[in-house]
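Dear colleague,

Please find below a structure that I am handing over to you. I would be grateful if you could look through it alongside the notes that come after it.

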Amino acid sequence: MSATDSARREPPAPPPPPTGKRGGNPRPSEGKRAERRLAWMLCAPAALVMVAVTGWPIVYSVWLSLHRYDLRFPGDQEFVGLSNYAAVLGNSYWWTAFTVTVIITVVSVLIELVLGMLLAITMYRTLLARGLVRTVTLVPYGIVTVVAAFSWYYAWTPGTGYLAETFTPGAAPLTDRAASIAIIILAEVWKTTPFMALLLMAGLALVPDDLLRAAAMDGAGGWQRFVKVTVPVMKPAILVALLFRTLDAFRIFDNIFILTAGANDTSSVSMLTYNNLIRGLNLGIGSTMSVLIFLAVAVIAFVFVKLFGTAAPARGGDR
Amino acid sequence: MAEIVLDAVSKRYPDGALAVSEVNLTVDDGEFVILVGPSGCGKSTTLNMVAGLEDITSGELRIDGTRMNERAPKDRDIAMVFQSYALYPHMTVRENMAFPLRLAKVDDKVVRTKVEETAEVLDLVEHLDRRPANLSGGQRQRVAMGRAIVRSPKAFLMDEPLSNLDAKLRGQMRTALSRLQNRLATTTLYVTHDQTEAMTLGDRIVVLQAGIVQQIGAPQELYDQPANLFVAGFIGSPAMNFLPVTVEQNRLHTPIGEVPLSDRLRRRLTDADAPRDLIAGIRPEHFEDASLVEEHVREEGAVFTNTVEVLESLGSEKYAHFALEGEGARSQQLTDLASVTGSADVPTGGRSLLVTRMSAATEAREKQRMDIWFDPDRFQVFDPDSGRNLTLDT
């Protein structure tokens, strides 16, 4: 016991990595400790940069969110505890934006998943002009979102836009709430489906050919092979793709900014935060909203990571 | 239960490569037929064509008299075991084995009984609720077998099912497989590159090389009566020795001495209108330490003297290796064989080598000269150009 204690108090003492075994660990050799010191030194710069550019801003916005702090009334700065949160969560604007964001997120990610899967299979199975097919598929992803959003904006503007002329002659879809949200979703889907397809294609490569051949021999048709073999085996990749896209979609900003600028109750939470924080100069309320977005994103990530735990087929729960 | 007929079946890939050329084969009901050959010889392609995983370019495949060329794999009612086992990683052993039955919409209760019966046969009962990732190689292999057996298909196709096991286990599984096949008596087409597996398992063996069937026959027939140099060199371990020989006035000049041509050989060579320069093949076990051969037997054979280069003792027998003077036998088929089996990469120092199998009682020592007895009537004589065996019993 005492030997262990003294070993724990040794001067170079970087916190010992978790070893799994408790007690009675012999003192690590000189080379081992030098290696550990080097590891800490190599990690330190990156860790410091991370703290500076992400850790501090997070802490600072939490601090701001606990204060009344409006740049139009700089003299009124005051610690108010959680009352900013009460104000935001008790406000219908926030909940409208939140609902819009959730609708856009859920609908666009689901559509992207289906289309992305079709694209991924097409790209994966294409034998002819494979490079060309893949390049063409990825073009939307290579276009700057704002640029794409502008072209959608003009396309749906009556008078100038061919889409507005074709589908809604005489109407202005971007002035209608439901139509606007549909167009925002369309722009999102068009833009990010290739990304989804790329991630899913990596997942398709995880499914060994032999497995599909075995399923064919076992009597499975094409659809059964897909549902009973391909999807379960590539489930981890599907979850990663969904996680990435959900987190991204929840923070949707640029498409809405260009297409409607949040008019007719089409703001997302990010849009609303921007309006309060940057346009309204209300640092307290704006920071509260960004902290809430941060929490929502954390919850989404947490749920997905929980799902991953049961997704990896190799780690069956029978050990 | 079914009879499988391949009628001039060929496979040509879109790039023009001919993988399988006009294979004619009838697998009788309940028969265990092995497709053997070096890698890339077209044996797996042939199996995949029977399975329906690859299209047949020309020719016809019939199972129980019905043309199968256009049927999807699932409509052929045959089960396949893969070298990688191809177990579904997200399913338990039970679900893996039940999978084909569930797809066939078999009643739940029946599925349960069948899976449990099969697990009983294959000794998998206590593993039924585990996942493939938590099984050993041998257990996975058995699950793959179970998945094939469970739905009592018309035929089994096996693509190198034992190749991923280690040597000892492979031997045991081979025996288990024989027992299983005897018990089920299901028509089986089995692909392997391992000639030992082919010899021990099959009722009949099909030797393939470069997409062409070299010979079809029972294991012993292939061993004793190889149709050509390729089969002679491929079947048997250690491989048959090949010597360049010339025929001169009823005598055979060989690197291990001049021997009289037996009546049988002479008749065959005359019938075949053989050229003078030939290749003679003789298996290692047809040699013996001359001092261990009884006098009257010795008289009937020939004896040569050489220095033992390497002596390998296997306990029950000893392999003595000798180096012979002069060039080795040359033939296109032998070159092909050496390149596909990899023996072209074994350094010989430009000499030709001779392997002999002696009884364990021999007192031969490395680097010492000894007398070796052999029976010249055991020679198989091949045409160097066509590779054909000229001494076949017809």
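This is a predicted model: local features need pLDDT of at least 70, side-chain atom pairs count only at pLDDT 80 or more; totals for chains, interfaces and linings use all residues.

Chain A has 319 residues, of which 28% count as buried. Its secondary structure consists of 14 helices and 2 strands. When contacts in chain A with a separation of 6 or more are considered, 68% of them involve residues 24 or more positions apart.

Chain B has 394 residues, and 43% of these count as buried. Its secondary structure amounts to 11 helices and 21 strands. The C-alpha atoms of chain B occupy a box of roughly 75 × 45 × 35 Å along the principal axes. Of the contacts in chain B between residues at least 6 apart in sequence, 72% link residues at least 24 apart.

For chain B there is also a record to report: an unreviewed UniProt entry carries the annotation "domain: ABC transporter" for residues 4–235. In the model, that span of chain B is 36% helix and 25% strand, and the C-alpha atoms at its ends lie 25 Å apart.

**Where the chains meet**

The contact between the chains involves 22 residues of chain B and 20 residues of chain A. On the side of chain B that touches chain A, strand E6 (78–81) and helix H2 (93–103) of chain B each supply at least two residues. H2(B) provides the largest share of that side, with 3 residues. Sorted by class, the side of chain B that touches chain A holds 14 nonpolar, 3 polar and 5 charged residues.

**Two helix pairs**

The description of each pair rests on two values, because two packed helices are described by the angle between their axes and the distance between the axes.

Helix H8 (residues 177–204) and helix H11 (residues 235–250) of chain A pack at an angle of about 155 degrees, and their axes are 8 Å apart. H8(A) is therefore roughly antiparallel to H11(A), as angles over 145 degrees are classed in this way. The crossing of H8(A) and H11(A) is right-handed. Among the residues of H8(A) that take part are A:Glu188, A:Thr192, A:Met196 and A:Leu199, and the residues they meet in H11(A) include A:Ala237, A:Phe244 and A:Arg245. By class, the contact of H8(A) with H11(A) comprises 10 nonpolar, 2 polar and 2 charged residues.

The other pair is in chain B and includes H2(B), the helix named above at the contact with chain A. H2(B) packs with helix H3 (residues 108–121) of chain B at an angle of about 130 degrees, with 10 Å between their axes. This angle makes H2(B) oblique to H3(B). The crossing of H2(B) and H3(B) is right-handed. H2(B) contributes B:Arg94, B:Met97, B:Ala98, B:Leu101 and B:Arg102 to the contact, while H3(B) contributes B:Val111, B:Lys114, B:Val115 and B:Thr118. The contact of H2(B) with H3(B) contains 5 nonpolar, 1 polar and 3 charged residues.

**Individual residues in loops**

Most residues other than glycine have a negative phi, and most peptide bonds are trans.

- A:Leu281 has a positive phi, near 60 degrees. Its place is the loop between helix H13 (269–279) and helix H14 (283–309) of chain A. With 14 other C-beta atoms within 10 Å, A:Leu281 is partly exposed.
- B:Ser152 also has a positive phi, near 45 degrees. B:Ser152 lies in the loop between helix H4 (137–149) and strand E7 (155–159) of chain B. It is partly exposed, with 13 other C-beta atoms within 10 Å.
- B:Pro238 is found in the loop between helix H8 (229–234) and strand E11 (241–248) of chain B.

A further loop residue is A:Thr168, between helix H7 (162–167) and H8 of chain A. A:Thr168 is partly exposed, having 16 other C-beta atoms within 10 Å. The C-alpha atoms of A:Thr168 and A:Trp156 are 8.8 Å apart, and the two residues are separated by 12 residues along the chain.

With kind regards

Definitions and conventions:
Residues are numbered from 1 along each chain as its sequence is written. Chains are lettered from A and ligands numbered from 1 in the order in which they are written. Two residues are in contact if their C-beta atoms, placed from the backbone, lie within 7 Å. Helices (H or I, at least four residues) and strands (E, at least two) are DSSP runs, numbered from the N terminus. Ala, Val, Leu, Ile, Met, Phe, Trp, Tyr, Cys and Pro count as nonpolar, Asp, Glu, Lys and Arg as charged, and the others, Gly among them, as polar. UniProt positions are given in the numbering used here, feature names are shortened, and annotations may be inferred rather than shown by experiment. Axes are lines fitted to C-alpha atoms, for helices over the stretch in contact, and angles run from 0 to 180 degrees between N-to-C directions. Angles under 35 degrees count as roughly parallel, over 145 as roughly antiparallel, 65 to 115 as roughly perpendicular and the rest as oblique. A crossing is left-handed if the near helix is turned anticlockwise from the far one by less than a right angle, and right-handed if clockwise. A residue is buried if 20 or more other C-beta atoms lie within 10 Å of its own, exposed if 12 or fewer, and partly exposed in between; C-beta atoms are placed from the backbone.
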